[in-house]
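Here are some exercises on how two parts of a chain meet. Have a look at the model first, then work through them with me.

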Amino acid sequence: MNRKKSIGFYHRALEMIPGGVNSPVRAFKAIGVPPSFIERAKGSKIFDVDGNEYIDYVGSWGPMILGHAHPKIVAALKRAISKGTSYGAPTPLEVELTSKVKKAFPSMELVRMVSSGTEAVMSAIRVARGYTGRAKIIKFEGCYHGHGDSLLVKAGSGAMTFGIPDSLGIPEELAKHTLIASYNNLESVKALITQYPEQIACIIVEPIAGNMGVVLPERGFLEGLRKICDEKEVLLIFDEVISGFRAAYGGAQEIYKIKADMTCLGKIIGGGLPVGAYGGKRAIMEKVSPLGGVYQAGTLSGNPLAMTAGITTLTLLKSKKIYQDLEKKTFYLTEKISECAEEKGIPFSINRTPGLFTLFFTEGPVRDYRTAKMSDTKRFAQFFIEMMEQGIYLPPSQFEAWFISLAHTQKDLDKTIEACDAAFKKI
Ligand SMILES: *Cc1c(COP(=O)(O)O)cnc(C)c1O
């Protein structure tokens, strides 16, 4: 595969952008080869500057559930752009997208739009602290909630890949308020609650974890968190930045029938433009400025283009059939990949939910950070390169999810399975 132009851009980028990339995992550091520079994308495919074509399982890390450059989104954006790109004043579009979000997530009684998932989570944590008057938060090892200071402790994929469990630059005074529990382990949560009585503002969790690779909540885990939070008057925050509108239209809350006190969204709700949202119970969200004393603002929040892409995406997703289709594709692909891996005697474990899965190179089961870390990352790197050579673009880390879109065709899936079969013979 010729990647000469990509490599040229990479060298130029290295001169002026840290690591040549604007988000760490794009650097392919865990793989040890330069990243491809992308020129365009359409449907299930992305095309690099050297003219190579790939079937894309990154999907911009989640937003592109409809596939790239969906004609209806492109048309809606064309119409919107001619009306101006930002006003710094309220618009009907914000009302429309918010009402769609509220219908999908009834626990979000009041909702604030922001410009990224990171911003949504950072803001939700501030509100939880402001509302409860408590400083400490509980998060789970291997869950990623964006790069807010309080949340970059044991923060999953990026940090796992680069072997930095905690980021530099976060004062100890702040980090000490972030308490770490183990995913799928209620006892680890109870121990922290006992150790710090009436000091914990919130428990934040990815109700379907996607950032140590996909890890599903075991029976009783989310229910147990809800119960603990109710008993101790701790706020339960679901970070559904990945799972929202992907695992189901109403996210994990629809699947597991549990209401969070606050919810964070991002990725899909922006339809490929920068959007995040956070919201929750009215009494909690009334703490947000200008109603209450928790300050949070944004020059481009509720941006008309981003709202337009979000509204169009959610409108197109609003059908049960869509999620059945996504589930069928995910299950077909994972069943076939499993058969190939078994046949070749490769130790593996697959965790999956509609639209999202991870193939771990470990005997499994993977149920938390510790078991995810047992994966053979060298084997993953070889697998990634073999797949790329065959025109399959995977997330460049063992500890990430493969994202399936509605644009993936049967032919795409079958080509991917053939490529896996060939790759498994070589790794
Ligand atoms: C991606 C992600 C975020 C951060 O969103 P950004 O838009 O990248 O800031 C937060 N939480 C989860 C669960 C995510 O997957």
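This is a predicted model: local features need pLDDT of at least 70, side-chain atom pairs count only at pLDDT 80 or more; totals for chains, interfaces and linings use all residues.

**Exercise 1.** Find the domains of the protein chain and their bounds.

*Solution.* Domain 1 covers 4–69 + 320–426 and domain 2 covers 71–317, with bounds taken from an automatic or database domain assignment.

Residues are numbered from 1 along each chain as its sequence is written, and side-chain values use heavy atoms, with hydrogens and water left out.

**Exercise 2.** Describe the area buried between domain 1 and domain 2.

*Solution.* Start with the total, about 3,000 Å² (the accessible area, 1.4 Å probe, that two parts lose on being put together, summed over both). Carbon and sulfur atoms give 65% of this area. Then look at domain 1: Tyr323, Arg367 and Tyr369 lose the most area to domain 2, together 24% of what that side buries.

**Exercise 3.** Which residue forms a salt bridge with Glu218?

*Solution.* First, the count between the two domains is 1 salt bridge (a side-chain nitrogen of Lys or Arg within 4 Å of a carboxyl oxygen of Asp or Glu). Now the partner: Arg367 pairs with Glu218, and their closest N and O atoms are 2.6 Å apart.
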